[in-house]
Amino acid sequence: MLKQAPTQPVKDREMLMSSAVKVKPTDPAPKKLIELSGVSVTLGGRTILTDVDLDIADGEILCVVGGSGTGKTTLLRAIAGLVPASKGAIAVAGEPVRAPRQDVAVVFQDYGKALLPWRTAYANVALALEANKTPRKERKEIIHGLLDKVGLGGHSEKYPSELSGGMQQRLQIARCLAQRPSVLLMDEPFGALDAMTRQDLQDEMLRIAATGDMTIFFVTHDLEEAVYLGDRVIGLAPDPGRIGITVDVDLPRPRNQLTTREDGTFLQRRRELFDFIQETEK
């Protein structure tokens, strides 16, 4: 399992980027990267989300949980510019979101449909570089570096059908990283994987996040996954979807699959979220 490097803030990179951390009065407030103000989304005459107010800091890992139909994926797609806000405003880096952006990448749960089966692993990553017109002479080094980063260095010439589910998801992440995103939106990316592979990819994601300047918005049904990964967790209440709870995850980094999950604070935060989900599903 790859060792995580600690997540650090934008300037001094020495403190954890999290609303759970008590920032000293002399320290600057974390910079807002994503801002949602009074956001509602209506699709097909049905209001999916209503009155969502949310600020996400630069470098923060924000996890989103909630029962089925509470609008988790819709919220992600709105931030990505894939669905419009019916009311309110969404901004990334101070700019209104009206369409997909080059600096915002999306990792989908269904990696099988996200990858191009007729392209090798190398060529799938190359797709992102082709789209952003990276000079051809620079692509080889970038692609091999990204495949190495996600543990696929020896599989560059394999096709998706020759890779396991976990390897295919690693490949999708590598292709997203080729966009050089400042924001990574992840829609239940590990939900279809077995438990051991899921844990490996959780730690891989944390390592990548710690070594890059990225903000991560992570949708999941798994409460333990949310607490393990996040600096903060929000829970969506249903009918229509809205923020019903915000939990600061005051756990130190780097995190460990055994010791972190046995920590009393981890168990308390999981219980808070569990009780919230139970209450909203009555």
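Guide: Handedness first: a crossing is left-handed if the near helix is turned anticlockwise from the far one by less than a right angle, and right-handed if clockwise. This is a predicted model, where local features need pLDDT of at least 70 and side-chain atom pairs count only at pLDDT 80 or more, while totals for chains, interfaces and linings use all residues. Residues are numbered from 1 along each chain as its sequence is written, and side-chain values use heavy atoms, leaving out hydrogens and water.

Visitor: In what order do the six strands of the open sheet come?

Guide: Helices (H or I, at least four residues) and strands (E, at least two) are DSSP runs numbered from the N terminus. Two strands pair if DSSP finds at least two bridges between them. The pairing in this open sheet is mixed, and its six strands come in the order 6-7-8-3-9-10.

Visitor: Which residue stands opposite Val64?

Guide: Strand 3 (residues 61-66) runs parallel to its partner, strand 8 (residues 215-219), and the two share four bridges. In strand 8, the residue opposite Val64 is Val219.

Visitor: What angle does helix 5 make with strand 6?

Guide: Helix 5 (residues 165-177) lies across two strands, strand 6 and strand 7 (183-187). Against strand 6, helix 5 runs at about 170°.

Visitor: Which residue takes a positive phi in the hairpin of strand 4 and strand 5?

Guide: Strand 4 and strand 5 (residues 95-96) pair antiparallel over two bridges, and Ala91 has Pro96 as its bridge partner. The hairpin leaves two residues between the strands, and the one with a positive phi, near 55°, is Ala93.

Visitor: Which residue in strand 4 is opposite Leu36?

Guide: Strand 4 (residues 87-92) also pairs with strand 1 (residues 32-43), in the antiparallel sense over five bridges. Opposite Leu36 stands Ile90.

Visitor: Are helix 3 and helix 5 roughly parallel or roughly antiparallel?

Guide: Angles under 35 degrees count as roughly parallel, over 145 as roughly antiparallel, 65 to 115 as roughly perpendicular and the rest as oblique. The axes of helix 3 (residues 121-131) and helix 5 come within 7 Å and cross at roughly 30°. So helix 3 and helix 5 are roughly parallel.

Visitor: Which residues of helix 5 does helix 3 meet?

Guide: The crossing of these two, helix 3 and helix 5, is right-handed. Contact means heavy atoms within 4.5 Å. From helix 3, Ala121, Asn124, Val125, Leu127 and Ala128 take part, and in helix 5 they meet Leu171, Ala174 and Arg175.

Visitor: How do the residues of the contact of helix 5 with helix 6 divide?

Guide: Ala, Val, Leu, Ile, Met, Phe, Trp, Tyr, Cys and Pro count as nonpolar, Asp, Glu, Lys and Arg as charged, and the others, Gly among them, as polar. Residues in this contact include Ile173 and Leu177 in helix 5, and Asp200 and Ile208 in helix 6. By class, the contact of helix 5 with helix 6 has four nonpolar, three polar and three charged.

Visitor: How far apart are the closest N and O atoms of Lys32 and Asp55?

Guide: A salt bridge is a side-chain nitrogen of Lys or Arg within 4 Å of a carboxyl oxygen of Asp or Glu, and the structure holds 15 of them. Lys32 and Asp55 form a salt bridge, with their closest N and O atoms apart by 3.2 Å.

Key. Axes fitted to C-alpha atoms, helices over the stretch in contact; angles between N-to-C directions.
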